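Dear colleague,

Please find below the structure that I am handing over to you. My findings follow it.

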Amino acid sequence: MSAPLLEVRGLAKRFGSLRALDGVDLTVPHGGLTALIGPNGAGKTTAFGCIAGAQRPSGGSIRFEGIEIAGAAYHRVARLGLVRTYQVVQPFAEMTVLDAVTVGALLRRPRVASARDFAATTIDALGLGAKSATIARSLTIADKKRLELARALATEPRLLLLDEVMAGLTPTECAAAVELLRTIVARGITIVMVEHVMEVLMPLADHVVVLATGRVIFDGSPSDAVNDPGVIEAYLGRP
Ligand SMILES: Nc1ncnc2c1ncn2[C@@H]1O[C@H](COP(=O)(O)OP(=O)(O)O)[C@@H](O)[C@H]1O
Ligand SMILES: [Mg+2]
């Protein structure tokens with residue numbers, strides 16, 4: 001049997017006395033979409049930070065295709081094929097859309113001309129083609145989210161961690177984003193997605209993991225998740 005795409009065991013992250021992640025286990029198979037849900041402050045973004053190499057875990061193991069990556073640098077993890085998007089889009093604010101996506105494409109295409117070509121193709125595929133020369137900062141929220149996705153896709157990932165890419169989108173924009181995510185999964189890219197809109201997630205997810213105060217309280221199918229008393233109490237049942 002081949003290793004799962006991602007296998008996280010006992011992942012811990014402390015900020016001083018706060019246990020933001022308190023022994024998280026997470027297994028992501030090859031293919032499909034896993035939803036990571038839970039109340040604000042549950043540790044979802046911190047988990048992404050640790051898995052994608054932006055934050056050093058306090059403990060635990062993270063294996064990507066059997067390779068231990070806990071504590072590895074972001075660029076090494078990205079080169080292996082694991083990238084995340086950011087909940088708050090920041091670092092590329094002063095760049096044009098094309099330049100920001102080219103930064104992603106340079107990971108596998110060291111020649112700038114070839115990276116720019118690939119970035120342009122990726123931008124077109126996400127419907128941002130008309131905004132190639134726009135400065136990222138002045139994009140609408142929906143387009144900023146699309147830019148984040150384009151930048152991540154330009155690295156040609158095997159596993160994509162998406163942190164609230166739907167937040168702030170109108171229902172129409174959400175529907176377009178859902179279609180986009182379906183085509184990404186159909187291309188064989190595995191997605192783990194943090195999202196709050198259950199109506200969006202449930203039809204899209206193959207697998208649901210629920211975090212609350214740094215621990216996994218549910219791991220199973222979407223239909224079981226919405227009927228689980230612990231999930232309802234910790235997350236779904238809140239006003
Ligand atoms: N850099 C940090 N320093 C201190 N505490 C942090 C830091 N990042 C996150 N936290 C805390 O860790 C917990 C989990 O945060 P986060 O991972 O952002 O949750 P979520 O994404 O599920 O809303 C929260 O209590 C948050 O305040
Ligand atoms: Mg978060």
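Helices (H or I, at least four residues) and strands (E, at least two) are DSSP runs, numbered from the N terminus. This is a predicted model, in which local features need pLDDT of at least 70 and side-chain atom pairs count only at pLDDT 80 or more, while totals for chains, interfaces and linings use all residues. Residues are numbered from 1 along each chain as its sequence is written, and chains are lettered from A and ligands numbered from 1 in the order in which they are written.

I begin with the ligand. H1 (44-51) gives the most to the shell around ligand 1, namely 3 residues. Strand E2 (18-28) also supplies at least two. Among the residues around ligand 1 are Phe15, Asn40, Lys44, Thr45 and Thr46 (a residue counts as near if its C-beta atom, placed from the backbone, lies within 6 Å). By class, this shell has 4 nonpolar, 6 polar and 1 charged residues (Ala, Val, Leu, Ile, Met, Phe, Trp, Tyr, Cys and Pro count as nonpolar, Asp, Glu, Lys and Arg as charged, and the others, Gly among them, as polar).

As to the overall fold, the chain has 9 helices and 10 strands. Its radius of gyration, taken over C-alpha atoms, is 17 Å, close to the 18 Å that the globule rule (2.2 Å times the number of residues to the power 0.38) gives for 239 residues, so the chain is as compact as a globular protein of that length. The C-alpha trace spans about 50 × 40 × 40 Å along its principal axes.

Yours sincerely
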